[in-house]
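User: Got a model here that I'd like to go through with you. Can we take it piece by piece?

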Amino acid sequence: MIKRVTFRNLWLPYLLLLPQLAVTLIFFIWPAVQALYQSLLVEDAFGLSTEFVWFENFEALFSDPLYLDAFVNTVVFSFSVAFASMSLALLLAVMADRTIKGATAYKTLLIWPYAVAPAVAGVLWFFMFNPVVGINAYLLRGLGYDWNHYLDGGDAMILVVIAASWKQISYNFLFFLAGLQAIPRSLIEAAAIDGAGPFKRFWTIIFPLLSPTTFFLLVVNVVYAFFDTFGIIHATTEGGPAGATQILVYKVFSDGFIGLDLGGSAAQSVVLMAIVISLTVVQFRYIERRVEY
């Protein structure tokens, strides 16, 4: 039963909401309106001239092969990160859900990477896969593979996917572990009595019951890969080589702050904003109500 709170002062609820409304207005609504307005302009990099061009920035954007390549890179990167981080997190959560000695320390160690900043995670994996001094590059050379993410676009994409996935595994692990511990043990024990093996019990009972959590995490991980991996890309490959790891959020930065194409960069940010709003609507409309925390 939901407890209702009644305020004697009519203005008190609005006063309590005022700080949050001010933060939303200053840090989201106002910058979004500014980005939308600037996406319709062509501006001199030094602010000496401004021309209103309507939707020419968007037309140039979608006819630019480099932007379309960045879009493809973003899709490949996002779904690779979501698949890798969720698969490993589910495997670790299943192992942690069992009664083992030292389980608390094991779970705590798995959560630590989530506290690492994206840029730090990027630098960590950059040094581990450095073709000259990296331990992983050295081991790969010993196996006969000449790793070099400076020259090979495929190696560079694998590097940023590994770094971004490692950062997100802890978050997925927490949700999967909570979902596993919420499944009634009587269902699993009844299936075991009926002769179902561990693999069959997982795919016919456990995984279907985890499907709302899995769907929720899929949306969260795709949003993370789209918008929260700038630090990893910047610290590892800076979008290279030859744009092989340049995703949309990094292209906004490189075109706006390095190329000084302010109108084009604003148009890209508007497209990104439309994507994140669409993903958020999907999450709240179809997923949020089905997830048990």
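User: Where does L25 sit?
Analyst: L25 is in helix α1, residues 12-38. Helices (H or I, at least four residues) and strands (E, at least two) are DSSP runs, numbered from the N terminus.

User: Ground rules before we go on?
Analyst: This is a predicted model: local features need pLDDT of at least 70, side-chain atom pairs count only at pLDDT 80 or more, and totals for chains, interfaces and linings use all residues. Residues are numbered from 1 along each chain as its sequence is written, and side-chain values use heavy atoms, with hydrogens and water left out.

User: Back to L25. Which surface patch is it part of?
Analyst: A nonpolar one of about 830 Å². Patches take residues with over 30% relative accessible area and no salt bridge; like charges are joined within 9 Å, nonpolar side chains (Val, Leu, Ile, Met, Phe, Trp, Tyr) within 5 Å. Accessible areas come from Shrake-Rupley with a 1.4 Å probe; for residues, only the protein chains shown count as cover.

User: How many salt bridges are there?
Analyst: The structure holds 1. D255 and K251 form a salt bridge through their side chains, 3.2 Å from N to O. The cut-off is a side-chain nitrogen of Lys or Arg within 4 Å of a carboxyl oxygen of Asp or Glu.

User: How far apart are they in the helix?
Analyst: D255 and K251 are 4 residues apart in α12, so about one helical turn separates them.

User: Helix packing next. At what angle do α7 and α10 cross?
Analyst: Roughly 155°, for α7 (residues 153-181) and α10 (residues 211-227), with axes that come within 11 Å. Axes are lines fitted to C-alpha atoms, for helices over the stretch in contact, and angles run from 0 to 180 degrees between N-to-C directions. α7 and α10 are therefore roughly antiparallel. Under 35 degrees counts as roughly parallel, over 145 as roughly antiparallel, 65 to 115 as roughly perpendicular, the rest as oblique.

User: Which residues make that contact?
Analyst: From α7, they include Y171, F175 and F176; from α10, F216, L217 and Y224 are among them. Contact means heavy atoms within 4.5 Å.

User: And α3 with α7, what angle?
Analyst: Roughly 40°, with the axes of α3 (residues 65-96) and α7 coming within 6 Å. α3 and α7 are therefore oblique to each other.

User: What about α8 and α9?
Analyst: α8 (residues 185-193) packs on α9 (residues 198-209) at about 165°, axes 10 Å apart. That makes α8 roughly antiparallel to α9. L187, I188, A191 and A192 of α8 meet R201, I205, I206 and L209 of α9.

User: What is the phi of W54?
Analyst: Positive, about 55°, although W54 is not a glycine. W54 is in the loop between β2 (50-52) and α2 (56-62).
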